[in-house]
Amino acid sequence: MTKYVYLFEEADGKNKQLFGGKGANLAEMTRIGLPIPPGFIITTEACLEYYANGKKLPTTLMTQVRDKIKELEKKTGKLFGDPDNPLLVSVRSGAAMSMPGMMDTILNLGINDRVVDRLTRANGNGRFVYDAYRRLIQLFGKVAMGLDDSYFDVILGEAKKKVGAKFDTDLQVQTLEEICGDFKRAIKKELGREFPQDPWTQIEIAIEAVFRSWMGKRAIDYRREFKITTDMANGTAVNVCTMVFGNMGNDSATGVAFTRDPGTGANVFFGEYLVNAQGEDVVAGIRTPKPVLHMKRQMPKQYKELEQVRHILEKHYHEVQDFEFTIERGTLYILQTRNGKMNAAARVKTSREMVRENLLTKEEALLRISPEHLEQLLHRRIDQNTRVKPLAQGLPASPGAAHGKVVFDADQAERRGMLGESVILVREETKPEDIHGFFRAKAILTSRGGKTSHAAVVARGMGKPCVVGCEAIEIDDRNKVAIVDKHHILEGDVVTIDGATGYIYLGEVPTVEPEFSPDLKTILRWADEIRTLGVRANADTPKDAAMARKLGAEGIGLCRTERMFNAADRLPIVREMILADTTQERQQAVDKLLPMQKSDFKKIFNKMQGLPVTIRLLDPPLHEFLPSVESLVWEIERLKEVKKSLEQMETIPDSFKVLLEPSLQELVPPVAHVLKELSAIREKELFDELVEKKEEILRKVRETAEVNPMLGHRGVRLGIKHPEIYKMQIQAILEAAAELIKDGVDIQPEIMVPQVCTSQELKQVHKWMDEIRGIVEKKYDICVLFRFGTMIEVVRACMRAGPLAEVTDFFSFGTNDLTQATFSFSREDAEKKFLPLYNEMQILMDNPFEILDIKGVGRLMKITIDYGKKTNPKLKVGICGEHGGNPRSIEFCHTLGLDYVSCSPYRAPVARLTAAQAKLREMARDKADLENPDYPFNVFFQDLG
Ligand code: PEP
Ligand code: MG
């Protein structure tokens, strides 16, 4: 016979899978001698059996329950269903993972009409007894029998009105007795069934109700939202516990306490209690609870006992505990405990302090801080104490909160930002040419695009708050207005955006500073001591490089040179280069760019002294640097219209003359004067020239336009077609390096080629590099050492990794493009059109552009590394796609044996922590066995063979 029911003292307090979190902790607390009311646990196995049997309780279950109830009767000296001395119990759910409020609980089981009657007469406290009874009927009626709460609320409300009672506590015994009667009648009338009087029937129905609540909508939604899988929690246990009452007079109380302050992490006893009350009353807020420290005076004996419990719990669990207690007629009982939920700052503080107090090892401390916690600490946040209703919600693309005046174009953002104004750049979507606006904006908001849209990627890279795809906002940038519902937001209006939640607020909402406390620095130092995976940053400017270094990055894994091309002073020259008709003209533009790039590189190398800097040669298709066809057509039409209007205006004085109106005649000379000036402008043929120029640009833009630009003329393909661009960049890098080496600066340059699919491409670039290196070394009379590598972002490159590794020192996985290539999904289109549906239908579990697709892209990475290392065992391998900053993907990269991840500078601390956690989990796995279900990538590796 399977044993489904265990007394608290029989159960294994470590086995949360079988006994649920609450049950296991009750068992554990009983074992270590804490005052727990007697009780037992029905296992999760019984719950699974219930579902396997087509929702029928296992046949032996109720017999086992009866046996255990007998044991409770022995321990308490009370009898279940006995009218003179009844044993009352609570029935609570409890799965392996805490799912607060998602499943059902029933209190006071065991009361019926006879019990209530005899008890009232016996102890004279009828109010207490009837109050317990009406709570039972209501909870049981709702949870176990399925009658809507509103029936009970109406009866209770009317009864209160009738006697003029404000709170439930104002109700006297007679009214409570009437309420119990009305509750029972409502159940009979609405459900056609009686409220069961037999306590054994009550308990059986209650157990079934708890099992049923496991598959209730609330619980299923919760599990989906928090990604609780069946390996984490499968079925719920049921905890049956002797009732204890905190509402039996002034020597009774109930409360909730934390072993430390969950708001600050300070090592002080924290909690609240109410004298003569039940747990429900604390939640309902009928009376204001007192801080637990007040108990010191009011109930000194019990306070001392509670203090002891506090220390015992922390010492036992090595974790801050959140526990519930009740004092019944002077006796303290602990009803449950669980790990305390704390805000990020408190978690960091307690981690450090608990190591100091020898409650935790450094390793344990590192594992109890989640990457999400860390992220909360690194950005400005909306002050949690403010209660402002958001105006709309988009996708949270880059965390942090900021307020500022709305501007609708990048030029305005730059202009007003330079004047010191706080501005939020609001656009339908952004393009590379908006980059100067990003630099000056405090935050970015778009009404279109997903979390990997241009706005999202660039903002994350810069660590600026960003909300994208906020479709509730209609943006009319020509008329400079954004409309949400009835609100018209004009240029200059203030909004606040929260990139962590995606909320948009009207006006300024208070925010709080990020906290990079000494505690956090210590924790990150411990992480650095443990991790073996390197952490670099993606940084394109000296400012980003400095930030990367400050946040602990050990180099730059990706410097995108196109970001420099987009700077306001470069773009006209870049356009000159693209639009040049002859090689000579193109060379002239390139020559102008050379010193600019050289100076950029020098600044970045300088900031990163002693650390590697990977500079990627130009990647995007050239049209990204040109204005769009639509905007050019629009401008040309406007220019032509203005010219035409000017011509028409010249006839105005003649028209005035023929009208013979004296008042008009007076106007002829001044109007003629103005028109003469205008005519002079027209005669200069400025408009014609401009139109011609714009039309020429339009022709070129149309020429460079591609059907699929991201699969078209970009990356190394562009470099090979226009060698002068790559040659200039290589020269700029090597000259910058040579000049710094001459100055004694310790630098480690790395040149990286994007979009490579065959080693022939790399060999071509390598040949130019050798030529230029020869020239530079001769010019500076110095030897320039650097590494040469390639991005791996094309599927063919993965398959040809062997030959590629022969000509390179390193590979860097560009998993943004590699994911697109592997799935044949265009990122933007997928996120806009079908990915959310795919996730909802669980066709794909995650967005592969956020969380690395281990089964597909991960497998390609593994193959690439294996092939690459075969021909070049010294090959260094990193990742510089967005996934390099995603915790789950970082853990995978560690497992694959990558040398480093490269992510936005602001994610570097998260990557440092995650890399350490990955190492710790790996060590735990090696110590245990390969089958450890907690190890996330076992299946992947087994699958690979
Ligand atoms: C990538 O493809 O992962 C990458 C880093 O390059 P980009 O995002 O610039 O295309
Ligand atoms: Mg790429």
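Is Asn 872 buried or exposed? At 14% relative accessibility, Asn 872 is buried, because the cut-off for that class is under 20%. The legends below all refer to a predicted model, and they begin with this residue.

**View 1. Asn 872 and its neighbours in the fold.** Asn 872 sits in the loop that runs between helix H36 (854-871) and strand S30 (876-879). Leaving aside residues up to four places away in sequence, Asn 872 touches Ala 805, Thr 808 and Asp 809. Do keep the 14% relative accessibility in mind here, as Asn 872 counts as buried.

**View 2. The shell around ligand 1.** There are 13 residues around ligand 1, and those that come nearest are Arg 560, Arg 616, Gly 814, Asn 816 and Asp 817. Sorted by class, the shell has six charged, four polar and three nonpolar residues. Two elements, strand S25 (556-560) and helix H33 (815-823), each supply at least two residues of this shell. Helix H33 gives the most, with three residues.

View 3. One oxygen atom of ligand 1 lies 2.9 Å from an N or O atom in the side chain of Arg 560. For the side chain of Glu 793, the distance from an oxygen atom of ligand 1 to an N or O atom is 3.0 Å. On its own, ligand 1 has 290 Å² of accessible area, and the protein covers 90% of that.

**View 4. The magnesium ion (ligand 2) and its protein donors.** Glu 793 (OE) and Asp 817 (OD) are the protein donors of the magnesium ion, at 2.0 to 2.2 Å from it. Glu 793 belongs to the loop between strand S28 (787-792) and helix H31 (795-799), while Asp 817 belongs to helix H33, so the pair ties together parts that are 24 residues apart in sequence.

**View 5. The protein behind the close-ups.** For orientation, the protein has 39 helices and 31 strands. Its C-alpha trace spans about 110 × 90 × 55 Å along the principal axes. Of its 945 residues, 54% count as buried. Among contacts between residues at least 6 apart in sequence, 68% join residues at least 24 apart.

Key: Residues are numbered from 1 along each chain as its sequence is written. Chains are lettered from A and ligands numbered from 1 in the order in which they are written. This is a predicted model: local features need pLDDT of at least 70, side-chain atom pairs count only at pLDDT 80 or more; totals for chains, interfaces and linings use all residues. Side-chain values use heavy atoms; hydrogens and water are left out. A residue is near a molecule or strand if one of its heavy atoms lies within 4 Å of it. A polar contact is a pair of N or O atoms within 3.5 Å; within protein, one must be able to donate a hydrogen and the other to accept it, and residues adjacent in sequence count only if both atoms are side-chain atoms. Accessible areas come from the Shrake-Rupley method with a 1.4 Å probe; for residues, only the protein chains shown count as cover. Helices (H or I, at least four residues) and strands (E, at least two) are DSSP runs, numbered from the N terminus. Ala, Val, Leu, Ile, Met, Phe, Trp, Tyr, Cys and Pro count as nonpolar, Asp, Glu, Lys and Arg as charged, and the others, Gly among them, as polar. Donors are N, O and S atoms within 2.8 Å of the metal (3.2 Å for Na, K and Ca); water is not among the atoms, so sites may look incomplete. Buried means under 20% relative accessible area, exposed over 50%, partly exposed in between (1.4 Å probe, protein chains only). Contact means heavy atoms within 4.5 Å.
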